[in-house]
Amino acid sequence: MASEPQCRPALLRLPHATAARPCAGPCWAEQTAARTGDSVIETTSSGIDADHPLLVWGGGAIGGTLAAYWARAGLPVRIVDIAVDHVRACSGSGLHVHGPVDDFVQRVDACTPDALRGRYSRIVLAVKAQATEAAAASLEPHLRKDGFVLSAQNGLNEIALSRILGADRVMGCFVNFGADWHGPGDILYGNRGAVVVGETDGSTRQRTRHMHALLKLFEPGAVLTDNIWGYLWGKLAYGSMLVATALTNESMSENFADPRRFRVFLELGREVMALAEARGVTPMGFDGFRPEAFQAGAPEANARAVIAALAAFNARTSKTHSGVWRDLAVRKRQTEVAGQYGVLLHVARDSGLKIPTLERLLVLIGDIESGRRAQGEATFEALMEVCV
Ligand SMILES: NC(=O)C1=CN([C@@H]2O[C@H](COP(=O)(O)OP(=O)(O)OC[C@H]3O[C@@H](n4cnc5c(N)ncnc54)[C@H](OP(=O)(O)O)[C@@H]3O)[C@@H](O)[C@H]2O)C=CC1
Ligand SMILES: CC(C)(CO)C(=O)C(=O)O
């Protein structure tokens, strides 16, 4: 399957130790297999030290939810996070994962990066895109030579990770479940969503099947793919629309259901799809999003049907707003938009494609971040202006 070529020069220009836990009874790999129906995963010859903790680097909305499920399943897992009060809560009173999908409190071993000792074979990275490079630099001394980092993030972070860690130590992953960090030890798991894992070179190895089995403990429908770049680009297209919804204070679903806003979503989808095509990537669909509806020549009616499906999908979540909206409106901090989408400006320049809607969107988000504009109807209208 076609894969996003890694480390293309143009893209590269862009920018306390735990004692190994003895297996009590059947080792967890066997327990995993029993739960998921997969055959037992050989761990010894694959370089995976399965009794050594699985690290989750960045234990917020996404990492915290995954870590809580894995810890509840009995896996040795440790969160590494810079938020000291969150680390204290996770390893103390526990991590409360709640919402329409589940409600439980799970104690998860946790520490800050400076307190971590030892080297690990499996690290799940779930920091925001702009923290990827700093996190990669601080986790590298803790990653075994034959270990790997799985990026459970939005964006094409696998490119930067491959440059820093070496392509062979990076595994791709795409997540579309919805979660919000509400406070130390407090995570809303708003809705189930697609979870996909795959090697960046399209191969399937023992370690890929291993991580797929682990992800199925969290999301039974988790998919193993030979086209992880296709999913990541699909999410970039859908994600650009989610970023646009963050210009207003309406929910994601209300935004998608508003017919006046359709053209913005249409143009964003088309621009990102054109970039994906220029990169030779075949984008993949998920959770109501169908990338082909935004490809050149596709009838507008198909895109309207997709936007309606996205309105319906997002009407069912208790995470009503995107993570970008939350960073702007609630957490009052920089978003990951530049970190996630900056790379697309370079792809557009390289391929001579025009992406006016996406460019204006990035400017408007920057304006909100710097206080020059407020979230609201008027800011969305400033985006609509380029879509006439
Ligand atoms: N939330 C969601 O529903 C979805 C999110 N995603 C993607 O998942 C990724 C993670 O997002 P999300 O979980 O929402 O983010 P959160 O902010 O909730 O969690 C990230 C955590 O990582 C911590 N962190 C930041 N820098 C470092 C570092 N260098 N080392 C260790 N920990 C660090 C953060 O601390 P602090 O807050 O103090 O910076 C925070 O606790 C993003 O790429 C996002 O786009 C994808 C699909 C859905
Ligand atoms: C909304 C969501 C969960 C995708 O469904 C997301 O990726 C985000 O918050 O940016």
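A: Tyr 189 is buried, because 25 other C-beta atoms lie within 10 Å. Buried means 20 or more other C-beta atoms within 10 Å of the residue's own, exposed means 12 or fewer, and partly exposed is in between; C-beta atoms are placed from the backbone. This is a predicted model: local features need pLDDT of at least 70, side-chain atom pairs count only at pLDDT 80 or more, and totals for chains, interfaces and linings use all residues. Residues are numbered from 1 along each chain as its sequence is written, while chains are lettered from A and ligands numbered from 1 in the order in which they are written.

Tyr 189 sits in strand β10, residues 186-191. Helices (H or I, at least four residues) and strands (E, at least two) are DSSP runs, numbered from the N terminus. Leaving out residues up to four places away in sequence, Tyr 189 touches Thr 65, Val 97, His 98, Gly 99, Val 101, Asp 102 and Ala 179. Contact here means C-beta atoms, placed from the backbone, within 7 Å. His 98 is 91 residues from Tyr 189 along the chain, yet their C-alpha atoms are separated by 5.7 Å.

Now the domains. The assignment gives domain 1 (9-226) and domain 2 (230-387); such bounds come from an automatic or database domain assignment. In the contact between them, domain 1 brings 25 residues and domain 2 brings 20. On the domain 1 side, β10 supplies at least two residues, as do α1 (9-12), β8 (170-175) and β9 (178-183). That side has twelve nonpolar, eleven polar and two charged residues. Ala, Val, Leu, Ile, Met, Phe, Trp, Tyr, Cys and Pro count as nonpolar, Asp, Glu, Lys and Arg as charged, and the others, Gly among them, as polar.

Next, ligand 2. Domain 1 and domain 2 both give residues to its shell, so ligand 2 lies between them. Around ligand 2 are Asn 154, Asn 176, Gly 178, Gly 193, Leu 242, Ser 322, Gly 323 and Val 324. A shell residue has its C-beta atom, placed from the backbone, within 6 Å of the molecule. Two of the ligand 2 shell residues are nonpolar, six are polar and none is charged.

Ligand 1 is surrounded by 30 residues, and the closest are Gly 58, Gly 60, Ile 62, Gln 153 and Asn 154. Its shell holds 16 nonpolar, ten polar and four charged residues.

Definitions and conventions. Contact = placed C-beta atoms within 7 Å.
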